[in-house]
Amino acid sequence: MAKKEENKMEKIVSLAKRRGFVYPGSDIYGGLANTYDYGPLGVELKNNIKRAWWKYFIQDREDMVGIDGGIISSAKVWEASGHIKNFKDPLVECKKCHHRFRVDKLKDLKKCPDCGGEFTEEKQFSLLFKAMIGPVEGEQETAYLRGETAQNIFVNFKNVLNSNNKKIPFGIGQIGKAFRNEVTTGNFIFRTLEFEQMEIEYFIAPDADWNKIFENWVDDIHNFADLIGLNKKNFNDDEIKKDELAFYSKRTIDMEYKFPFSDEHEELWAIAYRTDYDLTQHQKASGQSMEYFDEPTKAKYIPHVIEPTFGVDRTLLALLSEAYHEEGEGDEMRVVLKLKPNMAPYKIAVAPLLGNKEKLSEKAREIFVELKKKWNCVWDDRGNIGKRYRSQDEIGTPYFIVVDFDSLEDEAVTVRDRDTTKQERVKIADLDSYFSEKLNN
Ligand code: GAP
């Protein structure tokens, strides 16, 4: 991989920890491999991604509703869906250092990339996490942590249909955690044991023009990328070959993104045509009808499904990668996260020019309290103003308001723009309309 990109990845990981976006999981105990916790800024960024997704794909559309299903589900769900049988990775283990590798990710199957040792025979490892229910050992029921959020939606298809007045075509969306016993890990939050998905199952008639509906969803996914500030030049839509499709899919496109940890594009999101596979499986296994009755035509059928799927954590990593910029040189160098304002954890920083001048602090606080009612603002009066600008640039705060001595006379403040570093004088009374326009609400 190019050295520059490798350095960029290291810088992003370091910034993420230092500024409170992402911490290693169980950090004070030396960490737990491939688990992460999100800090104060990480949770804001994550929530901004999820909010934008929910609004764009659920609330702004008439043909979508949402659910929030449970993480623990009956083993029967995963038997029926085929995950217990098929959701496996082929792995080999090094006989010397005992590190395990996914066969499809190894460049050389003859020797271990970590120590040069010989490999064991290939074995299949289940990706599903078992959860034991019940207090008495030996009498516990085996359940599973969901390996994808999608199954909640299939299992609840009839519940949603019966409790809402939805006609096909319509979709159900969900945001939530999924769990996979991944072995090939690393690359920060790209592939972890616990992660969040934003998934849609869009139900269509068996004779619908599924390719056209599929293509419309591809367009919507591209529009979403634009909405949150991911540039299409960093994407590669990879049409998966027939013999490489997942066990449930007839057509899949992986929306790949150019992450800095790899020279290749890697999967960020995906869209699949899952046919009527899942609902048919659940109908067979549960004995409950998954059929839909179409009143106008009197047709009864098991709907087919188009599934757009998104990983929250990978989206966050893509946003950090795309936003990370270094500008200027030497002492003048600044790191700036050029996040779109709708994604930035804080929208506006507010401060008195000098932290120890009571009159300035009072005025700045009044402004801060007022603006905070509408936008997520941050108070920042530590150190000199130049350092504070740098500090807010590094976490992507788009605007910085400074109250100076003139403010006490002219009822105006300086507003600095993160990207241009230009400053302009704005009347305090006009700040609401100024930011409503700039921040698009
Ligand atoms: N319901 C379909 C499904 O789960 P997937 O391609 O296996 O498809 C969907 O996963 C998305 O979830 C991926 O595109 C990726 O963004 C995210 N994802 C999958 N495994 C992940 C992992 N171990 N860590 C982080 N994100 C993951």
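Glu327 is partly exposed, with 26% of relative accessible area. In this predicted model, the side chain of Glu327 forms a salt bridge with that of Arg334, at 2.8 Å from N to O. Arg334 itself has a relative accessibility of 4% and is therefore classed as buried, the limit being under 20%.

**Salt bridges**

- The model contains 33 salt bridges in total.
- A salt bridge links the side chains of Arg382 and Asp380, with an N to O distance of 3.1 Å. Arg382 is exposed, at 52% relative accessible area, whereas Asp380 is buried, at 1%.
- One network, held together by salt bridges with shared partners, comprises Glu327, Arg334, Lys338, Asp393 and Arg416.
- Lys298 and Glu295 are also paired through their side chains, in a salt bridge of 2.8 Å from N to O. Lys298 has a relative accessibility of 54% and so counts as exposed, the threshold being over 50%. Glu295, at 46%, counts as partly exposed.

**Nonpolar cores**

- In soluble globular proteins, nonpolar side chains tend to be buried together.
- The largest nonpolar core in this model consists of 63 residues. The residues with the most contacts inside this core are Phe21, Trp53, Trp217, Leu230, Trp269, Ile271 and Ile306.
- Helix 7 (residues 210-228) supplies the largest share of this core, namely 8 residues.
- A further core of 20 residues lies apart from the largest one, and its members include Val350, Leu360, Ala364 and Val413.
- With residues up to four places away in sequence left out, the contacts of Phe21 include Leu15, Ala16, Leu41 and Leu45. Among the other residues that Phe21 touches are Asp37, Tyr38, Leu320, Leu337, Pro345 and Ile395.

- His99 is located in the loop that runs between strand 5 (88-93) and strand 6 (100-102).
- With a relative accessibility of 39%, His99 is classed as partly exposed.
- The side chains of His99 and Asp114 are joined by a polar contact of 2.6 Å.
- Once neighbours within four places in sequence are set aside, His99 is in contact with Val92, Glu93, Cys94 and Asp114.
- Phe119 stands 20 residues from His99 in sequence, and the C-alpha atoms of Phe119 and His99 are 9.5 Å apart in space.

- Thr149 occupies the loop between strand 9 (141-145) and helix 5 (150-155).
- The relative accessible area of Thr149 is 0%, which means that Thr149 is buried.
- Not counting residues up to four places away in sequence, Thr149 touches Gln174, Gly176, Lys177, Gln197 and Glu199.

**Nonpolar surface patch**

- Ile71, Ile72 and Ile133 make up a nonpolar patch on the surface, and together they have about 240 Å² of accessible area.
- Ile72 belongs to strand 4 (residues 72-74). With a relative accessible area of 52%, Ile72 is exposed.

Note on methods: Residues numbered from 1 in each chain as written. Predicted model: local features only at pLDDT ≥ 70, side-chain atom pairs only at ≥ 80, totals over all residues. Heavy atoms only, no water. Helix = DSSP H or I, 4+ residues; strand = E, 2+ residues; numbered from the N terminus. Buried < 20%, exposed > 50% of the residue type's maximum accessible area, 1.4 Å probe, protein only. Contact = heavy atoms within 4.5 Å. Polar contact = N/O pair within 3.5 Å; in protein donor to acceptor, adjacent residues only side chain to side chain. Core = buried A, V, L, I, M, F, W, Y, C linked by side-chain atoms within 4.5 Å. Salt bridge = Lys/Arg side-chain N within 4 Å of Asp/Glu carboxyl O. Patch = residues over 30% accessible without salt bridge, like charges linked within 9 Å, V, L, I, M, F, W, Y side chains within 5 Å. Areas by Shrake-Rupley, 256 points an atom, 1.4 Å probe, with all protein chains shown as cover.
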